[in-house]
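Hello,

Here is the structure for you to look through. My notes follow below it.

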2 protein chains.
Amino acid sequence: MAVYTHLSAEDLGALISHYDVGELVSAKGIAEGVSNSNWLIETTGKDGGGARYILTMYEFRIELADLPFFLGLLDLLAEKGCPVPATIHDRSGATHRMIINEEGDPKAVALIEFLPGVSIDHPEPAQARAVGHALAQLHLAARDYRERANQMGMSSWKELLDDCGAEGLARIDRELPGIIAQEMQFLADNWPTDLPRGVCHADLFPDNVLMLGDVVTGLIDFYFACTDFFAYDLAVTHAAWCFADHGRKFRPNVSKALLEGYESVLPLTDAERAAMPVLARGAAMRFVSTRAYDWLHTPADALVTRKDPMDFVRRMQFYAREGQAIFSAGA
Amino acid sequence: MAVYTHLSAEDLGALISHYDVGELVSAKGIAEGVSNSNWLIETTGKDGGGARYILTMYEFRIELADLPFFLGLLDLLAEKGCPVPATIHDRSGATHRMIINEEGDPKAVALIEFLPGVSIDHPEPAQARAVGHALAQLHLAARDYRERANQMGMSSWKELLDDCGAEGLARIDRELPGIIAQEMQFLADNWPTDLPRGVCHADLFPDNVLMLGDVVTGLIDFYFACTDFFAYDLAVTHAAWCFADHGRKFRPNVSKALLEGYESVLPLTDAERAAMPVLARGAAMRFVSTRAYDWLHTPADALVTRKDPMDFVRRMQFYAREGQAIFSAGA
C-alpha cells in the first residue's frame with residue numbers, strides 16, 4: 001500500500017488535459033493498491049462544478065494486455081447499473097494512456113470515477129447481505145463479457161507453495177507442510193469441473209467494497225477479475241467476510257446473510273451448493289498460498305505489514321469440519 | 001510517506017461523531033507526512049452540503065506537549081487570513097483528541113481543514129514570488145504568538161553529524177567529513193545573534209505549499225514550526241525553492257522573485273541582508289545533517305526513498321561561493 005511513483009503537479013496537469021474533466025485542483029497520493037499507485041484527483045469538472053477521480057498507475061504484475069479486460073469490465077458493469085466506478089475515457093476515447101515516469105519507463109494510467117463510501121472492518125449481517133446481492137448482480141451483469149483465465153487458480157497455488165517448500169512452510173508453522181500436502185491432494189481430487197461460470201471479482205474482501213451504512217456504493221479493485229465458477233467467487237467472498245479474530249471466529253449470522261443476499265438474485269444450483277464446501281476450502285488455500293509466499297519473501301522488518309497465512313489455514317480447517325453443515329443449510 | 005495505523009471505518013465514524021461535521025462519507029489514507037498518518041476524510045458536512053478534512057494521527061517525534069503550539073498556530077494564522085488549514089475543534093472545543101489504536105496505544109489525532117491546490121515541483125518565478133509573500137505574511141501574522149525553541153537548530157546538526165561520524169560521512173562522499181568540519185566551524189564562528197525573530201515554518205519546501213496556478217492556497221505541515229530568525233526561515237525557503245537538478249543548478253529568476261515577494265511584505269533589515277549568506281549556508285547544513293543521518297540509518301533497500309545529502313552539500317557550497325552576490329543585490 002504505497003505510491004511507488006512520483007508524479008509532479010505538472011505531470012498530472014498535462015495528463016488531465018487529455019480528458020474532458022476540467023483543470024486540476026488537488027491530487028493526493030492514496031495508500032491503496034498493492035500493485036499500482038493511486039491518486040485521488042480533484043478537478044474543476046466538465047461543467048465547472050468540481051469532480052473527483054481516482055488515477056491509477058499500473059506498476060507491476062498487471063500485464064498491459066489485460067488492461068482492456070479490466071477497464072472494459074468496469075464500463076460494462078457501470079452501464080448495467082452495478083455499483084462500480086466507470087472508466088473515464090480520454091478525448092480520443094481510450095480507457096488508458098501511457099506516460100513516461102521519472103525513470104524514463106513507460107507506465108499505463110487510467111482515470112476512473114471516484115465513489116463515496118468506506119470499507120467496513122466488522123460487517124453487520126445487513127451489510128453482508130448487501131454484498132452478496134451485489135456480487136450476484138455482478139455475475140449476472142457480466143455474463144456475456146469476454147473470458148480471462150484465472151491466473152490465481154489451483155495450479156498457481158501449487159507453484160507458490162512448491163516455491164515455499166516444506167522447510168519454508170514449517171518455519172511459518174510446524175504443522176503446515178502436512179496440512180497443505182493433504183489439503184492440496186483433497187482439492188485436486190474433489191475440485192468440481194462443471195459449474196456455472198463467468199466473470200468473477202475473485203478478491204472481494206471488505207477493503208474492496210465501499211459502503212454507506214448498509215448500502216454498497218462501490219465494488220473496486222477488479223485486477224484479479226477472471227472467468228471462473230460463480231460459486232468459487234462466492235466462496236472467496238464468504239472466506240473474506242464471515243470470520244473474525246484472524247479466522248478463529250466464524251460469524252454464522254454474517255454467513256447466512258451473505259448467502260441469502262447472493263441467492264436473492266442468483267439462487268445456487270444443487271451442484272453449486274454441493275460444491276461449496278470444497279470451493280471454500282480452495283478459496284482459503286488460494287490466500288494461504290499467496291500469504292505464505294509473501295510471508296517468506298518479505299523481510300520481517302519491512303514497512304509492509306505481512307499478512308499471516310495461518311488466518312486462512314484456520315478458515316480452511318473450519319470449512320473442512322463445518323462446510324457441509326454451513327452450506328447445505330441453504331439460504 | 002505512509003499510513004502507519006489502520007483505522008477502521010467504524011473507528012473513523014466514532015471519531016467523527018465528536019465533531020460537528022456530519023456523517024462519514026469517505027476516508028482515504030494519503031501518502032503524506034513522515035512522522036504522522038493522514039486521511040482525506042469526506043463527510044456530509046455541517047449543513048449536509050458535503051465537506052472535506054484532513055485527519056492527522058501523530059505517530060512519532062512530535063511530543064504531545066507541542067501539539068497545542070502547532071494547532072493553535074494554525075488557528076491563529078487562519079484567523080489572520082493566512083492560507084493555512086484551520087483546526088476543526090470538537091464539540092467540547094478541543095483541537096485534538098486521544099484515541100486508542102489497534103495495538104492499544106493512545107494516539108493524538110486532529111481534524112484540520114482540507115485545502116485545494118497541488119504541490120509544484122518546478123516553480124515558476126511568479127509562484128516563488130507568491131510563496132515569498134505568503135512566508136512574510138506568516139511571519140507578520142504570528143508575531144505575538146508564543147515561543148517554541150527550534151529543535152532543529154545548530155546544536156542538533158552537530159549531534160546528528162557527530163552521530164554519523166567521519167567514517168559514516170566518508171561513505172556518502174569521500175570529501176564530506178572535511179567539508180562539514182570546516183563549514184560547521186565557519187557557521188559556529190559567524191552565526192548571527194541578534195536579528196528579528198518570531199514564529200518560523202522552518203520547513204517550507206514545495207511539497208509543503210499548495211498552489212493553484214500562481215496563487216498559494218495552502219501552507220501546510222507546520223510540525224517543525226518554532227521561534228527563530230525570520231531571515232533563517234527565508235533562507236530555508238530559498239534553499240528549498242531556488243535550485244534544480246539536485247542542487248546543481250541555481251535558478252536566479254526564482255531566487256529574485258522569492259526575495260522580492262518576501263520583501264514586498266516585510267523588507268529585510270541591513271543586518272538581515274548581511275546575514276543571509278551565512279543563514280543560507282546554515283539552512284543547507286540543516287538538511288545535510290538530517291539527510292546524512294537518515295541516509296546512514298536507512299537500509300538501501302528500504303521502501304522509503306532516501307534523500308541524497310549531497311543535494312544540499314551542493315547548495316551549501318554554492319552559497320559559500322555566491323551567497324554574497326545573490327543576497328546583497330537585494331530585491
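**How the two chains relate**

A rotation of 180° with 0.0 Å of shift along its axis places chain B on chain A, with an RMSD of 0.0 Å (least-squares superposition on the C-alpha atoms of residues with pLDDT of at least 70 in both copies). That is the relation of a two-fold axis. B:I30 is the residue of chain B that comes closest to this axis, at 2.1 Å (C-alpha).

The model is predicted: local features need pLDDT of at least 70, side-chain atom pairs count only at pLDDT 80 or more, and totals for chains, interfaces and linings use all residues. Residues are numbered from 1 along each chain as its sequence is written, while chains are lettered from A and ligands numbered from 1 in the order in which they are written.

**Where they touch**

In all, 26 residues of chain B are in contact with 27 residues of chain A (contact: C-beta atoms, placed from the backbone, within 7 Å). On chain B, α1 (9–16), β1 (24–30) and β2 (36–43) each supply at least two residues of that side (helices are DSSP runs of H or I, at least four residues; strands are runs of E, at least two; both are numbered from the N terminus). The largest share, seven residues, comes from β1(B).

**Two helices in chain A**

Helix α4 (residues 154–172) and helix α5 (residues 176–190) of chain A pack at about 160°, with axes 9 Å apart (axes are lines fitted to C-alpha atoms over the stretch in contact; angles run from 0 to 180 degrees between N-to-C directions). α4(A) and α5(A) are therefore roughly antiparallel (over 145 degrees). Residues that meet here include A:L161 in α4(A) and A:I180 in α5(A).

Best wishes

Notes. Two residues are in contact if their C-beta atoms, placed from the backbone, lie within 7 Å. Angles under 35 degrees count as roughly parallel, over 145 as roughly antiparallel, 65 to 115 as roughly perpendicular and the rest as oblique.
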